[in-house]
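Please look over the sequence and the structure shown below before reading on. The briefing that follows takes up one residue and then turns to the chains and the confidence in the model.

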Amino acid sequence: MPQASRYKVISNREVASQTWQMRLEGDTSAFSRGGQFVDVAVCGHFLRRPFAVREWDDTGFDILYKVVGHGTEEMTSMQAGTVLDILTGLGNGFDASRCKASALVVSGGLGASPVFSLVKELVAGGRSVTVVMGYNTADDILLFDEYKASGADIHISTLDGSKGVKGFVTDVIDTLQGNWDYFYTCGPKVMMKAVCEKLEIPGEASLEERMGCGCGICYGCTCHTAKGPKRVCADGPVFRKEDIIW
Amino acid sequence: MVTEVNLCGIRLKNPVIPASGTFGFGTEMAGMYDLNVLGGISLKGTTKNDRYGNECPRIAECPEGMINSVGLQNPGIDALLEEKVPALRKIFGGAIIANISGFSVEEYVHCCEKASKSPEIDILEVNISCPNVHGGGMAFGTSATAAAEVTAAVKAVSRKPVFIKLSPNVTDIVEIARACENAGADGLTLINTILGMRIDIARRKPVVANRYGGFSGRAIFPIALRMVNQVASACSIPIMGCGGVSCAEDVIEMMMAGATAVQVGAENLRNPMVCKQIVEELPQVMNKYGISDINEIIKAV
């Protein structure tokens with residue numbers, strides 16, 4: 001269930017080109033799954049800003065955010081100690097239980113953040129996990145050390161070839177021999193569509209849409225699905241491959 | 001201290017009502033707080049048949065407000081009456097206000113007749129002011145003749161109080177309000193959103209896929225207040241004041257302007273707890289301004 005609470009900024013630093021990581025301290029009881037998100041009130045802006053949660057623990061959580069407009073630009077100047085009004089525990093998140101033994105996790109760009117907790121949960125649950133992360137260039141690479149330490153098998157593609165395989169995540173997948181029974185993906189829509197169409201195994205993808213409330217009351221982020229209209233914020237953001245209409 | 005108000009015989013424990021379209025069908029909010037603190041709930045706009053609404057993006061942020069172009073996404077009147085309203089009534093004892101929209105007089109009549117028969121619905125709010133659907137909605141709210149025609153037609157089939165929700169996108173809202181009153185409306189809700197636009201300058205395209213949308217939020221409060229005051233001065237039926245309300249002081253102001261009850265809209269989307277907070281703050285604010293019975297301030301200005 002969504003919960004409105006106050007959180008204190010513990011740290012806020014640039015971790016890749018135009019991408020920042022913010023650690024917040026406060027009540028995390030509303031979190032239940034990786035892939036859920038929070039909605040941050042930024043002073044002076046009417047609507048909240050939604051961000052996926054990278055990881056949470058008993059004392060707080062952290063988000064990665066890209067500077068894309070005035071709200072996120074202002075967030076970069078928030079100092080440790082700043083108190084923010086945040087809705088937490090939003091969205092359904094990924095369902096790790098659907099993977100029996102071996103998972104393929106595919107992220108693009110900032111999509112590496114919302115699947116991080118999922119990867120840790122899958123590894124902790126005894127599954128073998130292959131992670132393929134796609135980026136435009138080496139300077140964009142996020143969370144590399146964290147993923148390396150997660151116990152998953154990590155692969156990288158960059159469009160310009162500055163690190164890992166030159167090309168798309170799907171080019172990396174072509175080179176891998178995995179006995180995966182389920183996949184998870186988060187990233188640009190075109191990437192997720194390509195991944196869903198390429199892989200014959202079942203899986204799920206985290207969709208994105210411009211949101212109003214973030215908690216299911218305004219119907220501002222509705223998408224078409226095989227099961228009818230669904231709200232990305234409250235019915236998603238994670239949907240099963242067979243339900244997504246690209 | 002008295003916060004109870006009376007809307008055409010329906011008693012509300014306080015005048016605070018989440019506005020249609022900003023609170024889903026009520027049950028979506030049940031996990032956030034006990035809805036029974038609210039005087040009433042205006043449900044999401046409903047049409048005869050289910051509607052997907054407009055494509056996304058449906059939301060654009062503005063200074064002190066936002067534009068929406070949801071376009072009346074709803075499951076249709078039958079699903080409203082069979083599923084949504086009974087589910088809300090199980091957890092909510094206050095006034096349930098069904099918000100009805102349509103594309104023809106016949107559609108309004110069809111939906112109001114059905115909704116009127118539901119024992120769980122207390123008030124019908126007839127939306128003749130949705131700016132986000134073509135060939136319907138606002139078309140009825142921008143002509144006094146058409147507004148009167150819809151009002152008379154739905155009144156003829158309704159046993160529940162009928163409030164007509166008016167559009168601010170008109171030259172003279174008083175003329176339309178009077179036409180509705182003369183056609184038999186039991187009350188009026190005003191204002192709906194103001195037609196607006198934002199442009200994504202990098203893409204050189206409108207931000208919302210439907211090009212234009214309804215502007216709401218704190219920025220429109222002075223406009224809403226002025227229109228409520230003008231209509232209250234010209235009409236004698238009760239008004240639900242709506243538009244940019246974000247705190248208990250705004251509720252007082254809206255009632256002084258002429259409203260009997262006050263709807264809170266876009267503020268719910270930025271602060272889902274706001275209606276509960278307003279209800280909690282209201283007695284303190286009344287006390288601060290020496291108001292012992294909230295009814296004494298209605299139309300005070």
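In which loop of chain B is Cys56(B) found? In this predicted model, Cys56(B) sits in the loop of chain B that runs between strand E4 (40-42) and strand E5 (59-62).

**Surroundings of Cys56(B)**

- Cys56(B) counts as buried because 20 C-beta neighbours lie inside 10 Å, and 20 or more is the cut-off for that class.
- Leaving aside residues up to four places away in sequence, Cys56(B) touches Glu209(A), Arg210(A), Cys221(A), Thr222(A) and Cys223(A) in chain A, together with Ala209(B) in chain B.
- Asp250(B) lies 194 residues away from Cys56(B) in sequence, and the C-alpha atoms of the two are 32 Å apart in space.

**Chain A as a whole**

- Chain A contains five helices and 15 strands, and its C-alpha atoms fill a box of roughly 50 × 40 × 30 Å when taken along the principal axes.
- The radius of gyration of chain A is 17 Å, which agrees with the value near 18 Å that a compact globule of 246 residues would have.
- Buried residues account for 48% of the 246 residues in chain A.
- Of the contacts in chain A between residues at least 6 apart in sequence, 61% join residues at least 24 apart.

**Confidence in the prediction**

- Chain B has a mean pLDDT of 96, with 99% of its residues reaching 70 or more.
- For the complex, the predictor gives an ipTM of 0.94 and a pTM of 0.95.
- Where pLDDT is low, the predicted coordinates should not be read in detail.

Note on methods: Residues numbered from 1 in each chain as written. Chains lettered and ligands numbered in written order. Predicted model: local features only at pLDDT ≥ 70, side-chain atom pairs only at ≥ 80, totals over all residues. Helix = DSSP H or I, 4+ residues; strand = E, 2+ residues; numbered from the N terminus. Buried ≥ 20, exposed ≤ 12 C-beta atoms within 10 Å, placed from the backbone. Contact = placed C-beta atoms within 7 Å. Rg over C-alpha atoms; globule rule 2.2 N^0.38 Å. pLDDT = per-residue confidence, 0-100.
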